[in-house]
Amino acid sequence: MTRDVAQAVPDREAEPVTPAVLDSFLNTSVLRPEGGPGIWRIPTATVGDAELEVARDWLDEGERQQASSYVRAELRRAYEIAHAAARLVVGAATDTPPEKVVWGRHPCPGCGEPHGRPRAEGTGVEFSLSHTPGQVLVAVADVAVGVDVERHPDDPVALAKLLHPRESEEIEAAAQGTLDGGRATVRFTRAWSRTEAYLKGIGIGLGRDPHLDYLGTDDAPSRSLGSWVVRDVVVPEGYGAALAVLG
């Protein structure tokens with residue numbers, strides 16, 4: 001069994017994060033956070049085709065090419081909405097029109113090459129985005145941040161093998177009915193979204209083996225992992241999400 005390299009300390013007294021809902025690209029009144037990190041949830045079904053057609057013009061050539069690489073229309077739509085929303089959110093934080101936001105990358109903490117955490121060039125704003133069919137999350141902060149949203153999987157036990165061995169054991173026990181505190185699907189999305197938000201925050205993503213960090217499958221809504229705080233995010237039934245913030 002892989003030893004614990006990093007193990008989170010849960011905080012059951014904390015509250016999960018409730019994001020602002022950006023249900024239209026015209027609803028810009030919700031785009032400025034009141035102190036601290038800001039996080040927005042975009043239900044993809046609420047973004048109309050006409051709005052999205054306008055927003056596609058905000059995307060740069062790299063984003064357009066990436067969008068076109070998705071074979072499934074629902075994945076392509078979620079990607080386009082996520083990147084348009086990120087441009088709106090970051091643009092609002094920096095007084096920049098969405099089409100003028102320029103994306104870059106921080107150095108990778110593993111190799112130093114410029115493919116680490118994304119950044120908005122020429123600003124001090126940190127941001128992160130995540131998308132899955134049906135839901136998009138965008139977060140901004142003045143410190144390193146990572147966010148992730150996931151749909152509940154059909155086979156959480158098989159996928160749990162990608163996670164830390166203890167998390168895999170917890171998910172399998174929940175599936176067998178020998179562990180209370182959440183269905184196996186819920187436990188998987190808790191652990192996976194927490195892990196991915198943390199790895200996106202540190203800037204290495206899945207370049208670091210998800211087996212190495214124990215974020216847990218329990219229902220404690222917040223946990224600390226070194227200098228990071230990882231909090232669950234309120235999302236609709238059928239999804240799980242998390243926000244990781246440095247310090």
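Reader: Leaving aside its neighbours within four places in sequence, with which residues is G104 in contact?

Author: In this predicted model, G104 belongs to strand 5. The count sets aside neighbours within four places in sequence, and the residues then in contact with G104 are R117, P118, R119 and E121.

Reader: Does G104 count as buried or exposed, and at what relative accessibility?

Author: Buried means under 20% relative accessible area. G104 falls under that cut-off and therefore counts as buried, at a relative accessibility of 12%.

Reader: What distance separates the C-alpha atoms of G104 and P221?

Author: G104 and P221 lie 117 residues apart along the chain.

Reader: Is L26 buried or exposed?

Author: L26 sits in the loop between strand 3 (20–21) and strand 4. A residue is exposed when its relative accessible area is over 50%. The relative accessible area of L26 is 70%, so L26 is exposed.

Reader: How far apart are the C-alpha atoms of L26 and E51?

Author: Along the chain, 25 residues separate L26 from E51. The separation of their C-alpha atoms is 8.2 Å.

Reader: Which residues have the most contacts inside the largest nonpolar core?

Author: The largest nonpolar core has 27 residues. Strand 4 (38–43), helix 1 (49–56), helix 3 (73–94), strand 7 (126–132) and strand 8 (135–141) each give two or more residues to this core. Those with the most contacts inside the core are F25, I42 and V138.

Reader: Which residues does I42 touch, not counting residues up to four places away in sequence?

Author: I42 is one of the residues with the most contacts inside the largest nonpolar core. Not counting residues up to four places away in sequence, I42 touches L22, V47, I81, A85, G134, Q135, V136 and V138.

Reader: Which residues that line the largest pocket are the closest to its centre?

Author: The largest pocket has a volume of about 890 Å³. Its lining comprises 38 residues. The closest to the centre are L129, S130, H131, E196 and K200.

Reader: Which element gives the largest share of the lining of the largest pocket?

Author: The elements that give two or more residues to this lining are helix 2 (61–68), helix 3, strand 5 (103–105), strand 7, strand 9 (145–151) and helix 6 (184–202). By class, the lining has 16 nonpolar, 13 polar and nine charged residues. The largest share, six residues, comes from strand 7.

Reader: Which element supplies the largest share of the lining of the second largest pocket?

Author: About 300 Å³ of space lies in the second largest pocket. Of the 20 residues that line it, V186, R190, D232, Y239 and G240 are the closest to its centre. At least two lining residues come from each of helix 6 and strand 13 (239–246). The largest share, five residues, is that of helix 6.

Reader: How many nonpolar, polar and charged residues does the lining of the second largest pocket have?

Author: The lining of this pocket consists of 20 residues. By class they are nine nonpolar, five polar and six charged.

Reader: Against which elements do the buried residues of helix 5 pack?

Author: Helix 5 covers residues 165–175, and its buried residues are P165, E167, S168, E170, I171, A173 and A174. After this helix comes G177, with a positive phi near 80°. The buried residues of helix 5 pack against helix 4 (156–160), helix 6 and strand 10 (213–214).

Reader: Leaving aside its neighbours within four places in sequence, with which residues is S222 in contact?

Author: S222 is found in strand 11, residues 222–225. Its relative accessibility is 5%, so S222 counts as buried. Leaving aside neighbours within four places in sequence, S222 is in contact with V9, P10, D11, A14, V229, V230 and R231.

Reader: What radius of gyration does the chain have?

Author: The chain has 247 residues, and a compact globule with that number would have a radius of gyration near 18 Å. The value for the chain agrees with this, at 18 Å.

Definitions and conventions: Residues are numbered from 1 along each chain as its sequence is written. This is a predicted model: local features need pLDDT of at least 70, side-chain atom pairs count only at pLDDT 80 or more; totals for chains, interfaces and linings use all residues. Side-chain values use heavy atoms; hydrogens and water are left out. A nonpolar core is a set of buried Ala, Val, Leu, Ile, Met, Phe, Trp, Tyr and Cys residues joined through side-chain atoms within 4.5 Å. Buried means under 20% relative accessible area, exposed over 50%, partly exposed in between (1.4 Å probe, protein chains only). Helices (H or I, at least four residues) and strands (E, at least two) are DSSP runs, numbered from the N terminus. Contact means heavy atoms within 4.5 Å. On a 1 Å grid over the protein atoms alone, a cavity is a set of points where a 1.4 Å probe fits but cannot get out, and a pocket is an open set with protein on both sides within 12 Å along at least five of seven lines; lining residues have an atom within 4 Å of a point. Grid points are joined across faces, edges and corners, and a volume is the space filled by probe spheres set on the points. Ala, Val, Leu, Ile, Met, Phe, Trp, Tyr, Cys and Pro count as nonpolar, Asp, Glu, Lys and Arg as charged, and the others, Gly among them, as polar. The radius of gyration is taken over C-alpha atoms; the globule rule is 2.2 Å times the number of residues to the power 0.38.
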